[in-house]
4 protein chains.
Amino acid sequence: MIIPKPARLSPEQLAEISAIVEPFGCRIQPIIGAVRNIYAIVGDERDELMTNRLEGLPYIERVDKMQSPYKLMDRRSSLSGNKIKIGNLTIGEDLLVIAGQCTIDPKNPNYFYETAHAVKEAGANSIRGGVWKPRTNPYSFQGDNKSLDILMEAHRRTGLPVDAEVMDEHQLHLAIEAGVHMLQVGARNALNYSLLRAIGGAVASRPSTVVLLKRSIHMGPLNEFISAAEYIAAFGNPNILLCPRGTSPAIDGYRNHPDESITPLLKEKTWAPVVVDPSHSVGKAAYVPACALAAVAYGADGLCIESHISPSKGIGDDPKQALTPEMLAYTIREARQLWAARREARAHAPEGISPAK
Amino acid sequence: MIIPKPARLSPEQLAEISAIVEPFGCRIQPIIGAVRNIYAIVGDERDELMTNRLEGLPYIERVDKMQSPYKLMDRRSSLSGNKIKIGNLTIGEDLLVIAGQCTIDPKNPNYFYETAHAVKEAGANSIRGGVWKPRTNPYSFQGDNKSLDILMEAHRRTGLPVDAEVMDEHQLHLAIEAGVHMLQVGARNALNYSLLRAIGGAVASRPSTVVLLKRSIHMGPLNEFISAAEYIAAFGNPNILLCPRGTSPAIDGYRNHPDESITPLLKEKTWAPVVVDPSHSVGKAAYVPACALAAVAYGADGLCIESHISPSKGIGDDPKQALTPEMLAYTIREARQLWAARREARAHAPEGISPAK
Amino acid sequence: MIIPKPARLSPEQLAEISAIVEPFGCRIQPIIGAVRNIYAIVGDERDELMTNRLEGLPYIERVDKMQSPYKLMDRRSSLSGNKIKIGNLTIGEDLLVIAGQCTIDPKNPNYFYETAHAVKEAGANSIRGGVWKPRTNPYSFQGDNKSLDILMEAHRRTGLPVDAEVMDEHQLHLAIEAGVHMLQVGARNALNYSLLRAIGGAVASRPSTVVLLKRSIHMGPLNEFISAAEYIAAFGNPNILLCPRGTSPAIDGYRNHPDESITPLLKEKTWAPVVVDPSHSVGKAAYVPACALAAVAYGADGLCIESHISPSKGIGDDPKQALTPEMLAYTIREARQLWAARREARAHAPEGISPAK
Amino acid sequence: MIIPKPARLSPEQLAEISAIVEPFGCRIQPIIGAVRNIYAIVGDERDELMTNRLEGLPYIERVDKMQSPYKLMDRRSSLSGNKIKIGNLTIGEDLLVIAGQCTIDPKNPNYFYETAHAVKEAGANSIRGGVWKPRTNPYSFQGDNKSLDILMEAHRRTGLPVDAEVMDEHQLHLAIEAGVHMLQVGARNALNYSLLRAIGGAVASRPSTVVLLKRSIHMGPLNEFISAAEYIAAFGNPNILLCPRGTSPAIDGYRNHPDESITPLLKEKTWAPVVVDPSHSVGKAAYVPACALAAVAYGADGLCIESHISPSKGIGDDPKQALTPEMLAYTIREARQLWAARREARAHAPEGISPAK
């Protein structure tokens with residue numbers, strides 16, 4: 001749909017537009033308004049190059065695109081029945097909870113083993129542990145390959161699947177070889193398309209691997225978020241969880257701007273499950289339980305929560321934002337109760353409420 | 001606390017600073033750091049003029065203030081035991097629900113009477129009805145004094161207290177005279193200090209009147225929000241409900257940026273109850289129930305929800321965002337259940353979770 | 001233009017839509033696309049109520065409006081030749097500079113008289129002086145009626161027209177009676193429609209009075225800004241200057257987020273002159289000159305700059321952000337040179353550059 | 001500096017804090033205020049882990065850090081005299097202009113050769129050409145290795161140094177081997193620390209290579225931006241240009257939120273030159289000249305501008321935002337005049353204006 005600057009386009013302008021769209025298999029249909037005309041593009045208007053060329057014309061205000069830019073992740077795509085399993089849990093049957101430390105301390109592996117047992121005890125389905133860490137300050141601790149062994153050992157000790165962030169192809173291949181069950185793309189790399197492509201391809205060779213894709217740290221539009229998932233799917237693996245984790249700038253006093261509210265909007269566009277990270281959203285343990293419940297109220301399918309057996313001994317973000325095992329158990333219990341109540345209530349809800357039953 | 005630009009201040013600079021702060025009854029105490037010094041202001045550092053003068057010095061980076069700018073609304077003030085009643089409900093004993101139309105249609109008063117009965121039936125404690133409306137477009141319908149009679153008639157028919165927005169002193173006096181029980185300050189006037197002062201003074205003469213203060217439409221800092229309440233309290237009436245209602249810019253696809261997440265942050269600073277407006281936050285009926293539940297998850301004391309007996313016949317925002325009575329009843333039921341569950345759970349929660357029990 | 005949620009609307013849905021738009025004198029014309037249809041509204045689609053009713057239908061994604069909501073302020077309106085005069089300057093013939101104190105100190109009127117002489121000397125066309133002040137903290141100095149006499153005395157001593165902010169009808173009438181030449185609507189009252197109406201009406205009785213309308217402190221859309229001006233014009237006075245002054249939240253380290261960049265966007269929509277306030281944008285004297293020049297680079301017609309004969313003795317914002325007379329003279333000289341160079345260069349610029357010659 | 005939640009800390013709390021900071025070589029010094037105390041950390045307080053541990057304590061409000069997190073990029077570091085050369089130009093002697101196409105079209109290399117000649121003619125010092133492109137849509141054209149040959153051929157034909165974006169290590173090594181003179185890190189990879197490290201290391205082996213580091217697409221704090229540069233410097237190459245390019249969300253109607261205004265703020269913190277990209281800030285050719293001039297007004301050392309011999313034939317962003325050679329020549333001429341005028345004026349400016357002479 002072309003919105004021109006003048007009230008109507010001249011025949012010459014229309015001819016110029018037609019010459020642009022025809023090579024893309026499209027044609028133009030004017031819509032005659034009382035005050036001004038607009039012009040429909042009939043055909044597949046998704047090509048960005050065609051749009052850019054049209055928007056480059058001095059008499060065009062903007063071009064509105066009507067079609068989904070994500071073929072595989074669209075809620076109406078053939079993939080929409082895709083069931084994702086994490087350990088014994090199929091997403092949708094109960095609330096998924098991923099919990100564990102921001103950062104594994106390679107000098108003190110027992111903290112992580114104890115955390116792993118504690119989060120299992122508290123009800124988590126999967127254990128997260130940061131092996132490599134993106135740090136603003138180049139002189140801060142950046143993680144250690146040895147932590148990968150600690151992570152896999154925690155898996156062996158608890159039987160739970162494990163999750164780690166990868167930031168480049170080298171780390172990706174180490175993680176895949178070690179057998180990490182869930183790979184996380186962090187907020188700073190959410191638009192690192194080279195990495196997304198590599199993950200899609202690498203994971204395709206081990207199709208049970210799941211990708212937890214964090215939302216970019218800026219308030220990017222939802223289409224951009226889902227398109228990042230489309231990269232991973234298009235290169236071979238559709239087992240993707242979308243993870244809102246708060247955006248920047250943080251205005252109100254939290255670490256980030258909480259964005260669990262996008263859950264219903266995502267669910268209208270894509271079939272992908274939504275797993276909210278309240279820990280990075282609010283950035284302080286005291287606020288995490290309330291944010292986790294709000295995410296469930298908005299329809300989230302899962303939560304990703306930082307927890308540590310002894311937060312003040314943690315490294316990375318843990319001293320600030322990790323829940324104690326007791327706080328985690330409380331949060332999981334409350335969140336699962338609310339999740340079940342919401343599922344029950346949605347089944348009997350009046351028409352027209354989002355997210356739908 | 002003065003943060004200088006250079007590593008340390010010279011004796012001449014210190015003398016200049018002392019000359020500024022002494023007339024305000026303060027003195028300066030240097031804090032010697034390994035790499036740089038900072039300088040504490042000992043005394044009451046709240047005066048903005050002193051701060052501005054200090055920040056005007058070319059060698060000062062910034063001044064951090066340590067004290068509350070709101071004497072009455074502060075959580076630690078003598079007013080913190082203030083109990084606010086709306087009709088039969090004392091805030092804190094159950095979830096407050098204010099519900100009703102964005103705008104009363106003076107040509108069709110029966111819609112409002114039917115809405116009033118329906119929201120009472122659905123469980124609301126108070127009825128809202130827009131008499132006068134702030135509209136972006138000067139040529140849109142701006143409300144009508146006749147609607148004030150319709151509002152009060154709805155009160156007489158249902159027995160419920162009623163709420164209306166006032167935008168200037170003239171409307172304020174009409175509303176007070178008519179006996180409106182709750183006065184609303186809208187987001188566009190949230191920093192209209194002349195109006196806030198007038199409301200504080202006028203309401204003081206009828207002390208049972210409650211003020212519902214919406215947060216400013218921009219993402220203003222929380223101190224600014226609470227200071228706006230301080231104006232009303234300082235001029236005579238402390239019965240104030242703080243109402244987050246979404247902020248601008250709206251990035252993600254809602255009408256505004258939902259901000260119910262500020263509830264725990266407000267509760268750490270002020271004793272004032274928090275009543276969230278999910279209708280203006282999300283701007284579309286389908287999303288209101290989820291947003292309402294998220295607000296309760298974050299610890300809100302009440303909700304302010306738009307509802308209409310027949311939304312498509314409404315005027316103002318109602319066709320888009322008003323819930324049907326059936327959707328409202330569903331939302332209130334679910335929200336009250338969650339509110340009760342949260343209260344119960346908070347009583348047994350581990351230490352350190354916000355908002356506190 | 002109606003964008004539906006499904007690919008196409010059913011005949012029943014189309015009938016329901018027609019029943020909504022026909023009472024507003026409109027009809028629906030489907031535009032058949034390859035993948036989905038959209039539906040043009042033929043007729044005057046500006047009525048918000050019609051739009052709201054349409055957007056309330058569960059199968060409508062959104063409604064795009066094509067027409068200007070501001071009849072008088074639109075660049076193509078009959079008012080677009082309106083010439084605004086401030087003292088001896090007709091806007092457009094040279095760069096307008098309004099300069100003076102944030103706040104007049106009623107206890108020290110000589111500061112203001114000296115400032116008035118100094119800004120005249122530095123090249124300003126008009127003198128600003130805050131008589132009444134909106135302050136976040138209710139216990140801060142709020143201004144004083146006596147300052148109005150000081151302001152008018154400064155006019156008599158210098159011959160320059162004077163400018164003051166008014167925040168309510170009482171102040172408005174005092175200012176009009178005293179003969180203030182330019183009335184300022186501050187950022188906190190930029191959407192206070194009762195005040196805008198009152199100003200439009202009051203000023204209509206003294207048609208040479210000019211209104212300096214600040215942009216709302218939130219990043220409101222430009223249509224909202226221009227619509228606020230439309231209120232003033234619709235109630236009787238079209239002599240309006242639009243004043244970007246930085247928006248909130250301030251992310252980068254300034255007092256606000258500088259927004260002089262909207263100047264070309266405003267000029268595409270409205271004929272109203274743009275007068276940028278760099279002082280509130282950046283909030284610190286050191287940055288004001290660069291911001292002022294950037295505003296001129298973007299095509300601003302004028303500047304509104306805080307200045308004080310001795311900033312550290314000022315009250316209000318002056319100690320932080322007021323320029324010394326020497327800095328002001330430097331800024332005006334540089335800005336006028338750039339303004340003249342830009343005017344000259346624009347006259348010979350290649351086609352298609354905004355703002356146009 | 002530790003800001004506690006209560007008015008003063010207990011001896012037990014102080015002991016707990018001391019136990020945290022002492023292993024980091026720090027100690028605590030209380031600062032006794034009239035109303036509350038704060039607590040200085042004496043020693044090197046930069047370690048994030050210590051800060052996180054302190055902020056994890058339930059009685060700590062926040063910790064303010066006083067020291068620079070960037071050792072090499074800090075304006076006061078030993079590197080601050082570092083002179084960066086691009087071709088024949090030493091930054092600071094004249095305005096640097098990098099110009100060229102968003103994307104090289106490998107099917108039509110002559111467009112790029114003609115563009116290269118045209119931008120040289122227009123006055124550019126360096127030629128940019130996108131070889132590989134980050135695209136939101138995985139199905140859009142992503143660039144082509146063949147374009148690297150075209151880029152280097154353009155260098156040979158014009159004698160000007162060339163610039164290309166690299167998004168992963170593979171592209172980085174291809175670009176280094178081919179002899180690309182300036183490597184660009186795009187906004188989506190601005191926090192991809194693995195890539196930053198790799199670039200620092202690879203470029204160190206060819207020390208004349210310059211890195212153009214775009215600001216992250218979100219409104220990240222300036223410290224984060226400069227810390228990203230610190231990564232590159234710390235791994236071996238300090239020849240870094242900081243490039244503001246507009247941030248997201250874009251509120252006002254441009255492609256991004258123009259952010260050239262951060263230039264003086266950057267210059268207070270770091271010695272690195274600032275090269276503004278007006279093309280991505282505003283996203284439309286018509287607005288680029290005004291934005292470029294505003295950047296120079298704010299003190300920018302250079303500009304990075306998209307240009308194309310025939311924009312409507314371009315691919316990528318060029319049809320929308322590339323300047324014609326005629327518009328580019330106009331912009332460079334005006335910008336260099338303003339740059340020279342600013343340099344001259346700054347030399348005679350009153351004290352206290354930023355950026356300094």
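1. Let's start with the neighbours of Asn125(B). Setting aside residues up to four places away in sequence, Asn125(B) touches Leu89(B), Leu95(B), Leu96(B), Val97(B), Leu160(B), Pro161(B) and Arg336(B). Keep in mind while you look around that this is a predicted model.

2. Where does Asn125(B) sit in chain B? You'll find Asn125(B) in the loop that runs between α3 (109-122) and β8 (126-129). Its relative accessible area is 17%, and since the cut-off for buried is under 20%, Asn125(B) counts as buried.

3. One of those neighbours deserves a second look. The side chain of Asn125(B) makes a polar contact with the side chain of Arg336(B), at 2.9 Å.

4. Asn125(A) is in the loop between α3 (109-122) and β8 (126-129) of that chain, and it is buried, with 16% relative accessibility. Its side chain makes a polar contact with the side chain of Arg336(A), at 2.9 Å. Once neighbours within four places in sequence are left aside, the contacts of Asn125(A) are Leu89(A), Leu95(A), Leu96(A), Val97(A), Leu160(A), Pro161(A) and Arg336(A).

5. On to chain D and Asp105(D). This residue is in the loop between β7 (96-101) and α3. Is Asp105(D) buried or exposed? Buried: its relative accessible area is 12%.

6. What does the side chain of Asp105(D) pair up with? A polar contact of 2.8 Å links it to the side chain of Asn108(D). Beyond four places in sequence, Asp105(D) is in contact with Ile150(D) and Ile315(D).

7. Helix α3 (residues 109-122) and helix α4 (residues 146-158) of chain D pack at an angle of about 40 degrees, with their axes 10 Å apart. That angle is why α3(D) and α4(D) are oblique to each other. Their crossing is right-handed.

8. Who meets whom in that packing? Sorted by class, the contact of α3(D) with α4(D) has seven nonpolar, two polar and three charged residues.

Key:
Residues numbered from 1 in each chain as written. Chains lettered and ligands numbered in written order. Predicted model: local features only at pLDDT ≥ 70, side-chain atom pairs only at ≥ 80, totals over all residues. Heavy atoms only, no water. Helix = DSSP H or I, 4+ residues; strand = E, 2+ residues; numbered from the N terminus. Buried < 20%, exposed > 50% of the residue type's maximum accessible area, 1.4 Å probe, protein only. Polar contact = N/O pair within 3.5 Å; in protein donor to acceptor, adjacent residues only side chain to side chain. Contact = heavy atoms within 4.5 Å. Axes fitted to C-alpha atoms, helices over the stretch in contact; angles between N-to-C directions. Parallel < 35°, antiparallel > 145°, perpendicular 65-115°, else oblique. Left-handed = near helix turned anticlockwise from the far one by under 90°. Nonpolar A, V, L, I, M, F, W, Y, C, P; charged D, E, K, R; others polar.
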